Amino acid sequence: MQGLMAKLRDMKETMLSLNGIGLAAPQVGVNLRVIVIQLMCAGKLVGPVQEMINPVITKTSTDIIGYEEGCLSIPGEYYRIDRPSKIDVKFQTLRGRYKRWHLKGLEARVVQHELDHLNGVLMVDLIENPAG
Ligand SMILES: [Zn+2]
């Protein structure tokens with residue numbers, strides 16, 4: 001697990017140095033189902049950075065919200081992406097324990113965005129006309 005810990009530390013540093021709020025391992029050439037996200041407190045980006053190992057979305061809300069998203073892999077470009085506003089996500093910690101979180105707002109959006117990266121999906125794949 002030492003290798004994974006070092007990779008996660010690198011991912012967190014990379015994300016923070018680029019002022020990102022989420023990063024997926026494939027974005028930095030790491031072929032693992034791992035993401036890191038900036039947790040929030042009262043809507044502010046002040047929480048710790050959380051790693052999620054093998055994250056799986058187990059439930060999504062039926063209400064869909066559109067919001068302008070950016071991506072560290074596509075600097076300077078922003079697209080309005082529709083996503084469920086709330087999700088349940090299951091993941092493992094570094095100790096291998098399973099956690100289940102209910103997320104809403106920006107945290108729910110970031111997890112969905114980063115999970116897309118694990119599946120090889122970029123936000124430009126989610127919109128009908130990237131040039132428009
Ligand atoms: Zn991204």
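**Notes on the sheet and the zinc site**

1. The model under discussion is predicted. Strand 1 and strand 2, the latter covering residues 34–38, are connected by three bridges and run antiparallel. Within this pairing, L23 faces V36 of strand 2.

2. Strand 2 is also joined to strand 3, here by five bridges, and the two strands run antiparallel. Q38 has V49 of strand 3 as its bridge partner.

3. Between strand 3 and strand 6 there are five bridges, again with an antiparallel course. In this pairing, T60 is placed opposite I87 of strand 6.

4. These pairings belong to an open sheet of five strands, ordered 1-2-3-6-7, with antiparallel pairing. Strand 1 (22–24) and strand 7 (98–104) form the edges, each pairing on one side only. From one strand to the next, the twist averages 40°.

5. Helix 2, residues 105–118, packs on this sheet. The helix touches strand 1, strand 2, strand 3 (49–60), strand 6 (86–92) and strand 7, and its direction makes about 155° with that of strand 2.

6. Which residues coordinate the zinc ion? The ligands are C71 through SG, H113 through NE2 and H117 through NE2, at 2.0 to 2.2 Å. Along the chain, the donors follow the spacing C-x41-H-x3-H.

7. Is H117 buried or exposed? H117 counts as buried because its relative accessible area is 9%, and the cut-off for burial is under 20%. C71 is likewise buried, as both C71 and H117 fall in that class.

8. Setting aside neighbours within four places in sequence, H117 is in contact with A24, P26, Q27, C71, S73 and L122. With one of these, Q27, the side chain of H117 makes a polar contact of 3.4 Å.

Terms used:
Residues are numbered from 1 along each chain as its sequence is written. This is a predicted model: local features need pLDDT of at least 70, side-chain atom pairs count only at pLDDT 80 or more; totals for chains, interfaces and linings use all residues. Side-chain values use heavy atoms; hydrogens and water are left out. Two strands pair if DSSP finds at least two bridges between them. Helices (H or I, at least four residues) and strands (E, at least two) are DSSP runs, numbered from the N terminus. Axes are lines fitted to C-alpha atoms, for helices over the stretch in contact, and angles run from 0 to 180 degrees between N-to-C directions. Contact means heavy atoms within 4.5 Å. Buried means under 20% relative accessible area, exposed over 50%, partly exposed in between (1.4 Å probe, protein chains only). A polar contact is a pair of N or O atoms within 3.5 Å; within protein, one must be able to donate a hydrogen and the other to accept it, and residues adjacent in sequence count only if both atoms are side-chain atoms. Donors are N, O and S atoms within 2.8 Å of the metal (3.2 Å for Na, K and Ca); water is not among the atoms, so sites may look incomplete.
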